[in-house]
Amino acid sequence: MKPPFRGFNAILYKEFLVVLRDPLTLFFMFFPPLIEMIAFGYALDNDVKHMSTVVLDEDRTVESRQLVEQFVNTQTFRVAGEAQSLSELSTFMRQGKALVGLQIPPGVTRELNAGRTAHLQVLIDGSSSTTALQALNTALGVTLRQSVLTLLAQTGRKTVPIEIRPQVLYNPAMRSPNFFVPGVIGIVLQIATTFATAMSLVRERERGTLEQLMVSPLSRWGLMLGKLTPYLIIGMLMAISLFAIMQWLFHVPIAGDFTGLMLATLLYVFCLLSLGLLISTRAQNQIQALQMTMVFILPSVFFSGFIFPRETMPWIFYSIGSVLPATYYIELERAIVLRGANLADFWVNIVVLASMGVGLFSLCALQFKQKIA
């Protein structure tokens, strides 16, 4: 009986030589992911600060200036200019010079001192829903706080009737990098590893060396595993580098079991490499391999929960996310890094990643034909 992984050592040795003698491949496997990690880590941030704000203060009192200072002290708003009329304020916002407009009509202080309701107007540029929501919530919070302080002063009470004391777990500072950076690692690993193995057999075919592999005493399983193993080692080294950047540059500590995180990463990278090999067995040239790889990368960005919560997605996109390896890895990674979870808490994710890896690798070996079409 012939061993199932016949020729594995020979292919492994050959593939290591090919990879080490091709500095361009190593460069594109390491350098772009590091740049993407740093760029995405800084760019993906929900903490909107210092939004340009134009003020139309028609009251011109000490109290109105103090109210403007309260908006600025939240660090969400930054006074970028003063308007002299409502039409000028609208022009500022229409031209994109301001995201927020604050109008304080005349007589606000007089209304407050008389115990009547004073009306302010906050104009918010809603073309960007993220910044608009941040501006709206902050503006409502500032005015609500000022209203409560005014009522306490008028009634003589020293405390509010009901006080809520929230406690934010796992990310007390509510830093966006703590949420986004672990997800960036999952996406960056997918881009680098899937592209690497997607080009491997296609490159052999284009160079004319695939015929030599066909006539060699190799098993399909040995050939696939030999092709995959060098990139698996490189992928793990890349993952360790990305986790180091996450801790030292973005100051995101790993709260859970690092060994469990590495095991999950190993299964994830194996799954991605197997997916790349499967693409490589079907593509006829590098352009086709590139196009087929993008079919899997873009859904992983949008439907895996990396940016948008999956619970809010329509059922068809939720279902697409359920068959993506990135969905299970990013969920598990964030749980270990942020919440200090262990593998026992997310054993389902481990089983799914392992099953996907074995299934994709088996499909690669079965799809590969020992002949030239």
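Biologist: Is Phe71 buried or exposed?

Modeller: This is a predicted model, in which local features need pLDDT of at least 70 and side-chain atom pairs count only at pLDDT 80 or more, while totals for chains, interfaces and linings use all residues. Residues are numbered from 1 along each chain as its sequence is written, and side-chain values use heavy atoms, leaving out hydrogens and water. A residue is called buried under 20% relative accessible area, exposed over 50% and partly exposed in between, with a 1.4 Å probe and protein chains only. Phe71 has a relative accessibility of 5%, so this residue is buried.

Biologist: What is the relative accessible area of Phe77?

Modeller: Phe77 also counts as buried. Its relative accessible area is 3%.

Biologist: How many aromatic pairs are there?

Modeller: Rings of Phe, Tyr and Trp (its six-membered ring) pair if their centres lie within 6.5 Å; planes under 30 degrees apart count as stacked, over 60 as edge-to-face and the rest as tilted. By this rule, the number of aromatic pairs is five.

Biologist: Why is the pair of Phe71 and Phe77 given its class, and which class is it?

Modeller: The ring centres of Phe71 and Phe77 are 5.5 Å apart. Because their planes stand at 55°, the pair is tilted.

Biologist: Which class describes the pair of Tyr268 and Tyr329?

Modeller: Here the ring centres of Tyr268 and Tyr329 lie 4.2 Å apart. Their planes are at 5°, so the pair is stacked.

Biologist: How many residues apart are Tyr268 and Tyr329?

Modeller: Helices are DSSP runs (H or I, at least four residues), numbered from the N terminus. Tyr268 belongs to helix 11 (residues 258-282) and Tyr329 to helix 14 (residues 325-339). The pair thus links distant parts of the chain, 61 residues apart.

Biologist: Which residue lies over the face of Phe179?

Modeller: A charge sits over a ring if NZ of Lys or CZ of Arg is within 6 Å of the ring centre and within 35 degrees of the ring normal. At 3.8 Å from the ring centre of Phe179, the residue is Arg334.

Biologist: Within what arc do the buried residues of helix 2 fall?

Modeller: In helix 2, the residues Thr25, Met29, Pro33, Met37 and Gly41 are buried. The arc is that of the directions from the helix axis to the C-beta atoms. The buried residues line one face of helix 2, because seen down its axis they fall within an arc of 100°.

Key: Helix = DSSP H or I, 4+ residues; strand = E, 2+ residues; numbered from the N terminus.
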